[in-house]
Amino acid sequence: MDKSNKEMLKGEIASNFEKLKTIEIGSKEHKAATDDLIKLYRLAIDESKTENEIRLKRVESKNASSRQEQELQIKREQLELERESKTRALLDSEKEFRERKIDRWIKIGTTVLEITLPLMFYAHWMRKGFKFEETGTFTSTTFRGLFSHFKPTKR
């Protein structure tokens, strides 16, 4: 209720009290004035209750909104933590994938080297051996022994 209305109601109650003092007790006018005064008091009490309820609702509303803000903040923090966790997991999986890829290429490289190096070694000594034995007049038992051990397979 507006302050001026409240003040007017208090002023009316005060003036009715002053009128009540001048009226003879027990008369119809006294009874009517008393009833009017009771109605004004009830109106003042109702207005006071209404104001208190409005204040209480405002306080509750502020508390509820602050609670909601706290809950929203907690949810935001939880979502942020989940997002960070998922990001970390994704980065870890990407790192693991890169490491597997590197390991796979290293294994392929070592396998290729395991096959090609012995073949290159055998080819080199075979050329040298065939060059030595080109004429066929001299044969070496060393080349014949090496030739039997040349196997282009994994041991």
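These legends describe close-up views of a predicted model.

The model is predicted, with local features requiring pLDDT of at least 70 and side-chain atom pairs counting only at pLDDT 80 or more, while totals for chains, interfaces and linings use all residues. Residues are numbered from 1 along each chain as its sequence is written, and side-chain values use heavy atoms, with hydrogens and water left out.

**View 1. The protein chain holds three helices and zero strands.** The elements run α-α-α from the N terminus on, where helices (H or I, at least four residues) and strands (E, at least two) are DSSP runs. Of its 155 residues, 11% count as buried, a term for under 20% relative accessible area, with exposed meaning over 50% and partly exposed in between (1.4 Å probe, protein chains only).

**View 2. The largest nonpolar core has seven residues.**

**View 3. Leu 20 touches His 30, Ala 33, Thr 34 and Leu 37.** This list leaves out residues up to four places away in sequence, and a contact means heavy atoms within 4.5 Å.

**View 4. Phe 17 lies in helix H1.** With a relative accessible area of 33%, Phe 17 is partly exposed.

Definitions and conventions
A nonpolar core is a set of buried Ala, Val, Leu, Ile, Met, Phe, Trp, Tyr and Cys residues joined through side-chain atoms within 4.5 Å.
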